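User: Hi! Could you walk me through this structure with me asking as we go?

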Amino acid sequence: MAFGVSTDIGIDLGTASILVYIKGKGVVLKEPSVVAYDRNTNEIKAIGEEARMMIGRTPGNIVAIRPLKQGVIADYTITEKMIRYFIQKAIGKRTFRKPRICVCVPSQITEVERKAVEDATFNAGAREVYLVEEPLAAAIGAGIDITKPCGNMIVDIGGGTTDVAVISLAGTVVSESIKVAGDDFNEAIVRYMRKKHNLLIGERTGEEIKIKIGTCYPRQEELAIDVRGRNLVTGLPKTVTITSEETLEALSESANQIVEAVHMVLEKTPPELAADISDRGIVLTGGGALLTGLEQLLEERLGITTMTAEEPTTCVAVGTGKYMEVMNSIRD
Ligand SMILES: Nc1ncnc2c1ncn2[C@@H]1O[C@H](COP(=O)(O)OP(=O)(O)OP(=O)(O)O)[C@@H](O)[C@H]1O
């Protein structure tokens with residue numbers, strides 16, 4: 001990078017992972033939003049992937065935490081250090097000119113929380129800071145032109161939250177956020193295995209089942225996998241075969257809550273914009289949108305064409321990085 005040239009950076013501050021996008025380069029970094037620090041001295045021991053590896057493998061005084069819970073800054077000082085670390089890792093230290101940084105925040109965030117994110121980003125080394133609401137960033141990342149007076153519906157299903165928003169003229173017209181998303185699907189599978197098979201499995205196994213065979217709409221062909229866990233009756237290891245049909249039952253409640261949230265937003269949408277959505281369809285983004293059957297379920301229940309963005313997990317980061325350009329194009 002040449003000296004004096006400023007960099008535009010977009011940061012997707014997710015609860016589970018942080019993604020950094022650099023203009024001209026794309027998503028350059030994706031790491032877990034975890035920080036490991038020494039409880040006695042408050043000294044930070046590791047950040048990101050290295051910190052995640054430390055979970056459960058460190059002496060008692062070193063603890064690994066996720067400073068962002070439900071996308072909001074829960075521990076300010078640690079978050080600031082984490083942002084600083086990721087910026088430096090992404091752009092290196094060889095630049096004199098501080099970067100312009102755009103950070104995406106949940107749409108329901110309070111003024112105090114906005115200020116906390118802004119201050120943390122300035123203190124972490126930004127020249128200018130922009131905040132963009134997550135659904136707007138997701139829409140830009142999905143390739144939607146948000147500047148037109150036309151209604152678009154985005155359903156961003158992350159790990160912890162699902163954001164449903166109707167966007168027009170670069171603003172959010174109606175939105176709803178629920179704390180049901182990808183991680184709830186994992187938990188639902190864990191609960192199902194305990195109840196139906198007396199089998200105790202961990203959340204990671206729950207996620208693996210979801211990704212490999214999980215569905216929230218009947219599959220054309222039935223899939224099955226063997227799952228290892230602990231028999232709750234005997235306390236001994238046990239293997240059970242679970243089918244995609246069973247995951248349909250396990251996931252239906254959480255999936256229905258997402259359908260309900262979308263329904264609620266549609267009910268509150270002004271008629272002209274609702275007509276646009278019915279023409280253009282609903283766009284799904286976020287890793288949670290990768291669950292098989294979600295598109296079909298929404299289409300069947302709401303009667304509106306539904307499609308998933310091309311790269312659902314990086315949409316928000318890409319859109320956050322491009323937000324500054326989009327806003328400049330409106331002003332010009
Ligand atoms: N192939 C897949 N099938 C189903 N779910 C998946 C798949 N890949 C990832 N996921 C789920 O996506 C979720 C994470 O999505 P994402 O990375 O968008 O979350 P995030 O942005 O960190 O979360 P949040 O927006 O809540 O802060 C997890 O629940 C993960 O299990």
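Analyst: Happy to; below we go through the ligand shell, a helix, a sheet and a few single residues.

User: What should I know before we start?

Analyst: This is a predicted model, where local features need pLDDT of at least 70, side-chain atom pairs count only at pLDDT 80 or more, and totals for chains, interfaces and linings use all residues. Residues are numbered from 1 along each chain as its sequence is written.

User: Thanks! How many residues surround the ligand, and which are the closest?

Analyst: There are 21 residues around the ligand, and the closest are Gly14, Gly158, Gly182, Gly287 and Leu290. A residue is near a molecule if its C-beta atom, placed from the backbone, lies within 6 Å of it.

User: Which elements give two or more residues to that shell?

Analyst: Those are α5 (182-197) and α6 (203-213). α6 gives the most, with 3 residues. Helices here are DSSP runs of H or I with at least four residues, strands are runs of E with at least two, and both are numbered from the N terminus.

User: And how do the shell residues divide into nonpolar, polar and charged?

Analyst: The shell has 5 nonpolar, 13 polar and 3 charged residues. Ala, Val, Leu, Ile, Met, Phe, Trp, Tyr, Cys and Pro count as nonpolar, Asp, Glu, Lys and Arg as charged, and the others, Gly among them, as polar.

User: Where does the ligand lie relative to the domains?

Analyst: It lies between domain 1 (8-137 + 316-331) and domain 2 (148-308), because both give residues to the shell. The domain bounds come from an automatic or database domain assignment.

User: Switching to α8, which of its residues are buried?

Analyst: In α8 (residues 271-280), Leu273, Asp276 and Ile277 are buried. They cover an arc of only 100 degrees around the axis, so they sit on the same side of α8. That arc is taken from the directions from the helix axis to the C-beta atoms. Buried means 20 or more other C-beta atoms within 10 Å of the residue's own, exposed means 12 or fewer, and partly exposed is in between, with C-beta atoms placed from the backbone.

User: What covers that side, and what is on the face turned away?

Analyst: The cover includes β11 (152-157), β12, β13 and β17 (282-285). The face turned away carries the exposed residues Pro271, Glu272, Ala275 and Asp279. Gly281 follows α8 and has a positive phi, near 90 degrees.

User: Which residue other than glycine has a positive phi near 50 degrees?

Analyst: That is Leu169, in the loop between β12 (162-168) and β13 (171-178). Leu169 counts as exposed because it has 12 C-beta neighbours inside 10 Å. Asn198 also has a positive phi, near 55 degrees, and is found in the loop between α5 and β14 (199-200).

User: Last one: is Cys104 buried or exposed?

Analyst: Cys104, in strand β9 (residues 100-105), counts as buried because it has 29 C-beta neighbours inside 10 Å.

Key: Contact = placed C-beta atoms within 7 Å.
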